[in-house]
Structure formats: structure tokens, C-alpha cells
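Have the viewer open as you read.

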Amino acid sequence: MYIFGRNPVKEAYRAGKTVDKLYLQKGEFDKTLNSVRSLAKEARTVVSYCDKAMLDKLSNGGNHQGVVAAVTDFDYCDLQDIIDDANIKDEPLLIVLLDGITDPHNLGAIIRSAECFGAHGIVIPKHRSVSVNDTVIKVASGATEHIKVAKVTNLNDTIRELKERNVWVYATDFDGKAPNTVDLNGNIAIVIGSEGEGIHRLTKELCDDVLTIPQYGMVNSLNASVAAGVVLYEAVRQRK
């Protein structure tokens, strides 16, 4: 897998990820790229200098900013790893469950918000969902190296397991309670629905309660990543 962009590549190095080969654009020299070169030297990464056309090809036309890294595929974790992370930090669990997010830009933005607001991890289903790919890593701007992502066979089974562990599960949908009127201090999971369909009916029915973000404009729906950011902010505001 190839990751690209200066910040994602720097964060990959800082997180200890193995970079098999680093591709840098010929003739590009600035402070940020020099720091990437230094990290590559410390890690003894093979560096190849090539033209922009080659980098465009490796990044599938993405905004590579003159740097592309060949790395192993993204390493998913188990649900238990996320729970263990909260226990190690002695914090109440804060986890995000994604119900059918198919847009890599949305997934990347959600991962970035979740890491920023201190969530312990994200869960995505194996089917009917985008995986963590190069676009997701680029949009997440390095956050994929600092937050755990689990991929599960059945999201509803995961919700059942969390409830058995005394985790309160909230769906984000219409006709619910405003996040600032709900106590979000305990062990909680937040379910974010897909861009088009929202949360599936059976999944919503499994949840303990529904959160609805108040909206005052003419458009009555929020992008999935924006909705996730708003609810996560309210959770961390209450906790801090």
C-alpha cells in the first residue's frame, strides 16, 4: 500500500511503522521534506528520487506533496484492543461505530476527529464499508497512526457485545435527544450512519438511545464526518 502527503508519511515514521521504500520528488527541497529525509535515514529506508509523473501514478493522482511511501497494508486491531486501551489509560470507553460508511474522505475525516477528541478506537464492518486505504490515510492527516481501528464481521453483534460489557450505545439519527442534554461521561459507543441510508433499522433498534444534533438551517442533514465531530466534541467537553 502507498501512503502519500508529508504529514501522513511523517506520522507513519513517528509511530514506528515500517516504510519499505520512500519516493521523493526530484528537485524538491524545503524544511518539511528535509525532516522526512532525516526520518528515512534514521529508519534506514531505501529512498528513490523520481519525477512528479511517477509520484502522481503511485498516489493515483492524489495530492502527494512530493512524497510517497510504500508500507505494509493497514494493521487492524480487535475490539478487545480498543477496550484495553481505555482500561490502560483508566478512562471511560469512548468508541465510534461506523454503519456502512463508503466514502473514504468521510472515513478519513472521522478518524481524524476521533483521534483529536481522544476516542479510544473506531469500528468498521467488513462488508458494505470502505476500508482504510491510501485516501483515508491522507485525509486523516496522520491520525491513522495514533488511533486503533477494528474491522468486524457483524456490527450488530459488536453492539450486543458492548452492551453486555455495560457500554451505553447511542445512535445518531433524527427524533432523539440533543447531545448536550445527555450524560456522556460513562462508557459509551457512538454509532454513525452512512452518507445516504443513515443507520440501518435493526442497528438503531439495538442502540440504547438516540442522539440528534440540533439544526437551524434549511438543510436538515449533516455530513457523517461533521456529525461525528460534533458528538465527539460534546462527549469530550463533558469529560474534561
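First, some housekeeping. This is a predicted model, so read it that way: local features need pLDDT of at least 70, side-chain atom pairs count only at pLDDT 80 or more, and totals for chains, interfaces and linings use all residues. Residues are numbered from 1 along each chain as its sequence is written, and side-chain values use heavy atoms, with hydrogens and water left out. Helices (H or I, at least four residues) and strands (E, at least two) are DSSP runs, numbered from the N terminus.

**The six-stranded sheet**

Start with the open sheet of 6 strands, ordered β7-β6-β5-β9-β8-β10 with parallel pairing; two strands pair if DSSP finds at least two bridges between them. β7 (148-152) and β10 (209-211) are the edge strands, each with a single partner strand, so one side of each has no neighbour in the sheet. On average, neighbouring strands here are turned by 35 degrees against each other, direction ignored. Axes are lines fitted to C-alpha atoms (for helices, over the stretch in contact), and angles run from 0 to 180 degrees between N-to-C directions.

Within this sheet, β5 (residues 94-99) pairs with β9 (residues 188-193) in the parallel sense over 6 bridges. To find one of them, look at D99, whose bridge partner in β9 is G193. Helix α7 (residues 155-164) packs on the sheet and touches β5, β6, β7, β8 (168-177) and β9; contact means heavy atoms within 4.5 Å. Helix α4 (residues 79-88) lies across β5, β6 (121-125) and β7.

**The four-stranded sheet**

The other open sheet has 4 strands in the order β1-β4-β2-β3, with mixed pairing. Its edges are β1 (2-4) and β3 (46-50), each with a single partner strand, so one side of each is left without a neighbour in the sheet. Neighbouring strands are turned by 25 degrees against each other on average, direction ignored. Strands β2 (residues 19-25) and β4 (residues 67-71) run antiparallel and are joined by 5 bridges. L22 has A69 as its bridge partner in β4.

Here are the helix directions against single strands:

| Helix | Strand | Angle |
|---|---|---|
| α4 (79-88) | β7 | about 150 degrees |
| α7 (155-164) | β5 | about 155 degrees |
| α1 (6-14) | β1 | about 120 degrees |
| α2 (31-43) | β2 | about 150 degrees |

**A closer look at α5**

How far apart are the end C-alpha atoms of α5? They are 18 Å apart, which agrees with the 18 Å that its 13 residues should span at 1.5 Å a residue (the expected span is 1.5 Å times one less than the number of residues).

Helix α5 (residues 104-116) packs against α9 (residues 224-239) at an angle of about 10 degrees, with axes 8 Å apart. That makes the two roughly parallel (angles under 35 degrees count as such). N106, A109, I110, S113 and A114 in α5 meet A224, S225, A228, G229 and L232 in α9.

Buried residues of α5 include L107, I110, I111 and A114, where buried means under 20% relative accessible area (1.4 Å probe, protein chains only). Their cover includes β5, β6, α6 (134-140), β7 and α9. S113 is buried too, with a relative accessible area of 18%. Leaving aside neighbours within four places in sequence, S113 is in contact with G229 and L232.

Note on methods:
Parallel < 35°, antiparallel > 145°, perpendicular 65-115°, else oblique. Buried < 20%, exposed > 50% of the residue type's maximum accessible area, 1.4 Å probe, protein only.
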